[in-house]
Structures are given as structure tokens and as C-alpha cells.
Amino acid sequence: MTLPPFASTFASLAVSRRSLLAGAGASLLLPATARFAAAQEAKAGPGGTPKAGGTLVAVLDPEPEGLVAGITISAPAVAVSSSIFDGLVEYDEGFKLRPSLARSWEVSPDGTVITFRLRDDVTWHDGKPFTSADVQYSLLEVTKKTHPRGNAVFANLIAVETPDAHTAVLRFSRASPVVWAAFNGTETQILPRHLYEGTNPLTNPWNGKPVGTGAFVFKEWLKGERIVLERNPNYWDKGRPYLDRIVFRIIRDPASRAAALETGEAQYIPLNPVPLADVARLKGSQDIKVETRGFEGPAPMYFFDFNLRREPFGDIRVRQAFAHALNRQALADTVFYGLAKPATGPVPSYQTQFYTPDVPQFEYSLAKAEALLDAAGLTKGPDGVRLRIDHIPSAYGDDYRRAGEYFKQALKRIGIEVTLRNYDLPTYVKVVFTDYDFDTHSAWYSAYPDPQIGVQRRYWSQAIKKGTPSSNASGIADPEIDAVIEKIQTEGDVEARNALIRELQRLAQVKLPSVNLLELTFFRAYSAELSGIDLAPFGGYQSLKTVWLGA
Amino acid sequence: MARFGITLPEGRVLRYLGLRVVQVVPTILAIVVLNFFFLRLAPGDLAEVIAGEAGSATPEYMAMLRQQFGLDEPLLIQFVKYMTQLFQLNLGYSFRNSMPVLDLILSRAPNTALLMLSSLTLAVLLGILFGAVSAQWQGRWPDGVLSAFSTVGFATPLFWVGLMLIVLFSVELRWLPAGGMRDLQRDYQGLAAVADIARHMVLPVFSLAFFYIAIYTRLTRSAMLEVQELDYVRTARAKGIAPLPIAVRHVLRNALLPLVTMTGLQLGTLLSGSVVIETVFAWPGMGRLAFDAVFQRDLNLLLGVLFFSSFLVIVSNLVTDLVYALLDPRIDIR
Amino acid sequence: MSLDATTHVPLAAAERAPARAPASAAPKKRAPRTSSFGYRFLRSRTALAGGFGLAIVAGAAIFADQIFPGDPLDMVARPFIWPFTTWAHPLGTDMLGRDLLVGLVHASRVSLAVGLTAAGLAVFVGVLFGALSGYFGGWVDQVLTRITEVFQTMPPLVFVVVVVAILTPSVSSIILGIAVTSWPQISRLVRAETLRLRDAEFVQAARVMGMGHARIILAHILPNAISPVVVAGSILVASAILTEAALSFLGLGDPNLISWGSMIGSGREVLRTAWYMTALPGIAISFTVMALNLLGNGLNDVLNPRVSLT
């Protein structure tokens, strides 16, 4: 087995990683499980020595709005943009940080100062040098002001100082461990100050023809058809990238995407590649690989929300009845074709540093469900119906609509008649998150690498934000839960904080504002000719600089 | 559409055109005004789409987006602004696509035109052939087979035909590409590029034509049957002219008139594209552009597409009327 | 299905619309089609075949609850059972284990209902507009014709999609969307017929007798204009069924009711692994649409052998 050239990069990391671990926030991210070790091996493994050259055709859906993920954070935008831009750091397969634009970093003992030492050999694609001024501008003017999550995650960031061109000092009003889950290039990108300063970043024309520091240079965007990137010959990570050219194609129909892959017209589909039903078939194919690793960062968690503003959902027995009536294993097996596993709470089991299985569970039992409903006074009428409600499934794909059909039939068995309301995305956002006009609702949210970004927004009363997608839709406002969440935000001690996160999981199952259903498994599909696929936790969104053709 | 009782051609073409334009302007205006307000009834807006695609957003971010898109202004002001732009022939800006609407439309329209015109041409040619054969052997087996074929074509869901053609010819036989308009791995130039696009067109063009053939087959068939009974055809037959020359020279030529009308009527709507075929074959055309604009609440774009396609419908109706009159001077444009 | 943008022209109308031109160009003395007994026989056989096919579908719709009692959406068996593999579920099951035969039979209700209601609505509005427009002429005609033109000028499928998106997908919004885009065809047809009839002797006689406008339209004009409308209407039903299927394919079906369109909509994702799930409702749609087209064409010949529309 030949070591890829980037192995040396890992070695050089030792020092900076130690200094990182000294910091308060850094050690939040340590879940090195066996599964990741396997990933590491796979990466260096069977592919052999990377070969340079060739054009990779990748498939996107839908077409992104812009190509700068620091500004447009939709999944397809990130999937393209991460090859054009870098972040200060990256994740490795073990969820540990590794350098990117920052060579190393230190955190002050009280956690309020983070110092990044930047690479001095990086230039923007237009030839201008990359400096700490770009970092300052990007964090303060772009991430804090125009990133949809940025001003929440970086709420405590008060200043970015630039003592020299290659040092950036971030000052926080108080320790913010959570920012370590957001410095990577798929979340917080560093943009060229010289092209953005003095403009409104949202409308800057460079969003459509981006200039980054990344492995690939933007070449052409033919709307509705293709986005073309070319190899950056001056990339700082010497030897990379391997591909000469990447062409992203837009294909809206899932069956047509599968066909493009099977005919060899496309080699890589990073997101939502083919219908779930096709996965088993594609896995059996010699020419196509299906990779489920690389989505531990987004960590999609699927759940069933009650609208607590409406009766009878104020009654915990009714909510428990629903939890008993939904067969999560069957849901995972039929609707999600086995690409999911039952969740025990709001935190995915693979985030081992946070996860606890030791919380109340609701086994599948129609008898218990009916008994609870009877006890709550919801008895069956002469037509066998005890309750009529509506349900809005997530608008992000057909799988979730099919899950809605599953809930409808499952709940019918305990005398609950469900009317499904399928909406397009804007209607869904408006009805569920602005008007709160629903009885029940099912969706997945990203749990993200830190529950403070992903999980708390489902349970915190402050996350009831009218008009904001993926916020607290159930309307849960529980003082006990709020207290724990607020302690998580300020606790500097990692172990104490993790204990609080475990307590949050317990409370989530006790108060049950929503039924935690499944840990979803997202996947990528690609041609067997492809090697060097990044298996890091954000791998599905990450730069294609490690990828090469012709295995 | 209403036609005016003006006899052509006797120098009255201009007057006719003038009258039509006077009638057409209010129609187009009505379409724009109606849709401007109608489309705003849709729940949710572009800010919600963008926040939804991002998976999360803060309320401040949403407010900033709305301000950027001009959605925070009172509806009437938005309307006045839009109409002012429109009178300067400016279709506005598509915020979802970060591009002027007109540029977007002009970049897609040729693709749609290519696809639709090819399908229509193929359908007209095959339809005429099938229709002529059917009429010639009326009631016998070729008629039966072709009628059955066109009935099935007309009754089969288009996406089903498209997807099955992909499975057969792309995935199983690997003869033709499954979608898209170009081979993006190889950068073909010149003639090779033309051949490449032609290869990508085969399946979508046939899927669409399969549907249209029915219309033209039946049209030709019934028109030919009708013309066959006319006096001058009978005279020709009585003169002892062979059946095939009669069919081609007399019958078919006259039967073409209704085909012109039909084709003209369809031409206008062609550029709004086929949403379904463009979806199945990932064809970068106007149909999909309009469809996506609906779900992304990209109202400027949708209004632009509606405006553009209405304009084309009207123009092509006009041209059809004129061509018709020129082809057959006996006809009154009514 | 895809009475997609380009194609909202029913076959019979397509066949007839242009026929007017040669008719005025060279008026015929005889009606050639009716001259041959054999031809007429053939054509009525067409109508008969169409009617028979439609009767089967209507029978399934009416007696669905007797043939297969219970909820067609129930998950009754293992998912992905292929057709003709077990007697318990002769046509197999879908990806959630719902019986496809039961589904097909029950779905005929919604599909037919969508087709009939949408066509009915379109015919109602179209007849109203067309009759008023043709009968009164003048500014009434001008205004109504302009309105018709506005609706006819918008690309039909895009417009249906807009209506359904605004009202959110449900059977009623689908029906409304289809009706809104198809009434102008009927309106033009009726307007032309009315124009032709309003100066006819019997109408003039009625006018002389002092009959009111409403009565003249209802009692004299419409009954004489109705046969092309029936023909066009039967084809509208077919195109409405196809449009519903197209909408479902595009993800705009009603999830609470089972229709052939919604079956195709849910089956399209597994098209590559289990094509029978879209093929079976697809065949049902083709069958019904063919029956309706045959019926329409047959009726066209039987009812108005010499119609000229315009």
C-alpha cells in the first residue's frame, strides 16, 4: 500500500493538534470510533497511487442559487463551493480538526481568544495574496452578517485582530466552544476581501463567478445545464488536486440521475443521488459504488413533531400513544429501505461523546397506544375514529412524503384519521414555521457536529422563531429544558457540558414534544473508476481535491 | 382567437396587422397584470425558499433577503416598479438564479426551440405519411395498424414513454445518452459538437413526436378523405391519372392547409416547452425553467416567461393567419 | 398525460378545427363520409368500442367498494410483490405493501371524477362564455373574446401548475387548475356554433315571436350546438386524466386519495426496480383515455358527420 502524498500533512499536524487540544472547545470533537478508523484505511487503501488528469462529471440537484457557500448555504451550493473555497480548518475522518488555510491555532485558557496562524503561500485565483484581512472581513462582515446561521454561532465574536498578514486573533465576549463546529470550509468560508469589501455580499456579482483559494478555479456556469471548474495549478496543497476539470450537471429527476450514473455519463453524485429503492440494485453493480460515510457532520435526524399549541397534544399521554403507535423499525425498513436506524433520542448514536442510550424508550405497541388514548379520554366513535388530525411531511423529498403515507396508515390502526398535506418548499416553510398551521409534522434536521447548533433549535423556547425554517416548530417552551440548554451554551468544561447534553436527551424523551424516529443514512453514489473519495464527516459536501479518476 | 373579417391580400395586410396589434397589447398587459397579483397569492416567498434550501436561517437574515428582493415594499409600489421596468422592455432580475430574466430566457429558448421544432417536424412528416397511407388504404389493415399506433401514442403518458426509452436505449443497449444536451466529459468542437447534440436529441424528440404524430396522422387522414371526394380530384381520377400522383399532387397538397393551421397554433405554445420531457431528459429548456420558477417563487422569472411565451403565441397566431391567407387567397381570414 | 404546454388540443377538435378551411374554400355538395354505409358502420363500431371500454372503467368505479371492500391505502402485505406471483395479490403490491389491484379499482373513482368534474366545469364556463359571446356579438363578444384569449395564451401546463401550487395540491385544486386552462377551447367552439346559429331561420322566428334572449339561447341555440361540445367534452375528460397523471409525475398529486396519477407518482421513484408499479396505472390510464378518444371520435361521426367548427 502506497501512502498518498498528503500523509506528510498529517504528520506535520502533531504540534498544532496538541495546542488545539489544550483549548477548551477543541476537545468537543473527539469521537474516534472504530468505524472512522476503517474509513481512514479505506482512504489510503485500495485506490493505489493517485493519477492526475481527466474530467469528472458530477450531478447536482437542484441548481444552486450562487456558488459561494459562505453566502448561499444550500446543500448543492456547498457541494460545488467547497472545491473553490477553503475554510480555516477541515475535519478528518475522526472528526478531528486538521489545518487548511490556518496552519495552526491556539486557544486562550479562558476560551475567549483564538489565534489562527495562517498559511503564507496562498493566493486567490486572481493572483492576489491571501491574508489575515480576508479572514477578518469574512468572519465579521460575511459570516456574522449574511450567513443564515452565522450570527447565532458567532454571536459572541466581538473582534478579529490582524497583528500581521498571517495571524488572525479572534476575540469572544465569552467562551464559545460551539464555534469549533463551524470553522470548516463547508460552513464558514474565507472570501476575498478585495472583491467584496464595500459591496452587499448577497448581491455581489462574484457570487456567480467565484474567486477562491480552493483546489479548483471557477470556469463557467451555464444556467440550468452545467457548472465547470478547472484545476488550480497554484493550489497550496502541493500535488493536489488530481482532476483537470469538474463538470457539475443539473438533473432534476431521480430516475434520470440513476440512469446518468449507470450509463457512465456521470461519475459522482454527492447528494441525494438516486431513489432509495435503487440503492440495493446499485450496490450489486460492479461499476457503481454507494458510500454512506461522510454525512456524520450534517447528522440527519428524523422526527415527528406535535403542535403543542393545539389540543389534544398538550396531553403527554396522547404524545406517548403516538410514540408507541409508530413502528420505527418498520419505517426504517420499508420507507427508507433500511437506510436508517431507529433513534433513541435527538442525538445520533455515532456522536459517541454526546450520545446516551439511557433515556426513556417507547416500544411499538398498539395496545399501549390505545390504552393511553382511552385514558386521555379519546375514545373511539361509532365509525372507529377517535381523533382526526392533519400531518405535514417535510417538503425535502419524496421519501418523506411516503413516510407521511406510512404514518397515515399506521395511525389509522389506533383510530386516528390523518389528512396529509403535501406542500412545496416555500408553502411548507410558511405553513409550518410561520403560521404554525399544523397538527403534526415530520422532518429531519441536521444534528450537526454539536448539539448546540443542531439539536437545541428543536427544544429551546428561544428557538421558537416565527418564519425561520428548521426552528422549534412544536412550540415546546419548558423551563427545565431551557435551563439545561442555556447551561450547555456557557459551560466551558467539556465533561460537564457533555453531562448536560446527556441530560437534554433524557428530558427530550421525558417531555416528548416530538417523537424521535430515525437516524437517517445519507449516501453518495459514484463510479468505480473514482478513487480518493473524502470520507470525513462532511465528505458529501467536501472539496473534490482528493479525488482522482482511473482506479 | 378572434379574427376579423378582412379579405386578404389586397394591401390590407398592414391594416389587419395594425388592428391585431391594437387588440393584442391589452391581452398581453392583462396577462402580466393578472399574473403579477395572482402569483403573489402563492404561500411563501423567495426568501423562504432560500432559507428552506439553506436548512436554517435567522429572522434577521430573512428580513435582509426580503429587503434585497424588494419584497418588503407595499404590493402596489412593487407593481408600479415592475410595470415601469416592463415598459422599458426590462423583464427584471431573477434573484434565485442571480441573472437578468431576459438573459435566462434567451439562454434557454434556443434549446427548447431546437427540441420542439425537431419533434414537431418529425411528427408532421411522419403524421402526413401515416395519414396519407391510412387514407389511401382506408378501412384496411394499414389504416387499422396506424390508427392503433396513433391512438396509443396519444393515450400514453409522455414521461412513461421517455423513461422506458431511457431504460431500453441508454441503460440496457447503451446506444444513446440518457439525458442532457451535450457530452460534458469530452469537449466536442465543430461538427462533432453538432453530432453530439443530435445524439442527445434522439430520445426526447422521439418521445415527444410519438405524442404529436397522432394529431397529424388523424388530421391528414380526415383531410385527405374529405378532399378525395372533391370535384377536381374526381375529375383528375376520371382523366385516368394514376392514384399515387393524384394523392400527392392534388389530395395531399390541399390537405396541407389544415396542417398549417394546426402547426401554427402549436408553434406559439412550443417555446413554453415541455416540462415533462425536459424533466425526464434533463434538457435545459424553458419548460423546466418555468416549472422551477413556480416552486422557487421566482416571480420575476415566471412573469418573464409568461410574458415571453404569450408574446410568441400571439405572434405565431398572427403569422399563421397571414400564411394561411397567402396560401389560399380564396380564404377570408375569419 | 402531458397535455403539456403544447398539446391542449383534443384530437377531435384538432381534426375538426382545420376542416373548416377547405369547407369554406370549396363548399361541398354532399357529405362524403355519410355516403358509405360501411364507413358509418365502422365509425359507430368505434363509438361502441369506446363506450364499452368506458363502461368497464365506470363499473369498476361504481362498484369498487363491493368488489374490494376496505381501504385501498392499507398496507396489507409484504412490499414489492411482483404481479402474477401470488393469488392473494394478483397484481402484486407496491413499495409500502398496498395491493395494486385493489388500488387500481379504487383509483378509477378519483381519476374519472377528476376527468369528469374538470371537463364539466370547463364545459360549463366555456358554454356560458361562448354562447354569450356568439349570441350578443358587439362589445360583449369583444370583451369575452379578449378574456378567453388571455387564458388561452398562457402555457397550459405551467398555468395548471401555478394554480395547484397556489391552492396547494389536492384533488379540488387539480380539478380547478385543469378546468381553468381548458374552458377556452369549449368557449371558442360554442361561440362559433352560436354565430352560425343565431341568424338561422328558426332562431329569427323565435325572436320575432318575442322570446327572451335567455330562452332563445337555452331552448334553440344550445341544443343545436351541443353535439360538438359533447365530443370535445369527452376528449377533455381524457386529457384531464392525462394531465392529472402528469401533475402526479411532477410531484403535485393529492396524497389522501388514490388515483392512477397518484399511483404513478408514488411508483416513479422505483421505476427502475419495479416498473410494474407505474406500468399498471399507466395501462389503466391509456385504456381509459383510448376509450374516451374512441368514443369522442365515434360520437363526432355519428352526431355531426359534417360539422364545421368555426
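1. **Ground rules.** This is a predicted model, in which local features need pLDDT of at least 70 and side-chain atom pairs count only at pLDDT 80 or more, while totals for chains, interfaces and linings use all residues. Residues are numbered from 1 along each chain as its sequence is written, chains are lettered from A and ligands numbered from 1 in the order in which they are written, and side-chain values use heavy atoms, with hydrogens and water left out.

2. **Confidence.** The model scores ipTM 0.82 and pTM 0.84.

3. **Where to be careful.** Residues 1–38 of chain C stay under 50 in pLDDT, although the model has 101 contacts (heavy atoms within 4.5 Å) for them beyond four places in sequence. Residues 306–310 of chain C also stay under 50, with 15 such contacts. Where pLDDT is low, the predicted coordinates should not be read in detail.

4. **Chain C overall.** Chain C has 13 helices and zero strands; both are DSSP runs, helices being H or I of at least four residues and strands E of at least two, numbered from the N terminus. Of its 310 residues, 65% are buried, meaning under 20% relative accessible area, with exposed over 50% and partly exposed in between (1.4 Å probe, protein chains only). Residues 24 or more positions apart account for 74% of the chain C contacts with a separation of 6 or more.

5. **A helix pair in chain C.** The axes of α6(C) and α11(C) (residues 213–249) come within 7 Å and cross at roughly 145 degrees; axes are lines fitted to C-alpha atoms, for helices over the stretch in contact, and angles run from 0 to 180 degrees between N-to-C directions. By class, the contact of α6(C) with α11(C) has 21 nonpolar, four polar and one charged residues.

6. **C:L91.** This residue is found in the loop between α5 (64–67) and α6 of chain C. C:L91 counts as buried because its relative accessibility is 13%. Beyond its neighbours within four places in sequence, C:L91 is in contact with residues including C:L100, C:L104, C:Y276 and C:L280.

7. **A six-stranded sheet in chain A.** The strands form an open, mixed sheet in the order β14-β18-β13-β17-β15-β16, where two strands pair if DSSP finds at least two bridges between them. Its edge strands are β14 (340–342) and β16 (416–420) of chain A, and the twist averages 30 degrees from one strand to the next. Helix α13 (residues 398–412) of chain A packs on this sheet, its direction making about 160 degrees with that of β16(A).

8. **A:L229 and its two partners.** Six bridges join the antiparallel strands β8 (residues 216–222) and β9 (residues 226–231) of chain A. A:L229 in β9(A) is the bridge partner of A:F218. In this hairpin, with three residues between the strands, A:G224 takes a positive phi near 85 degrees. Five bridges join β9(A) to β10(A) (residues 245–250), also antiparallel, and there A:L229 has A:I246 as its bridge partner.

Technical notes. pLDDT = per-residue confidence, 0-100. Nonpolar A, V, L, I, M, F, W, Y, C, P; charged D, E, K, R; others polar.
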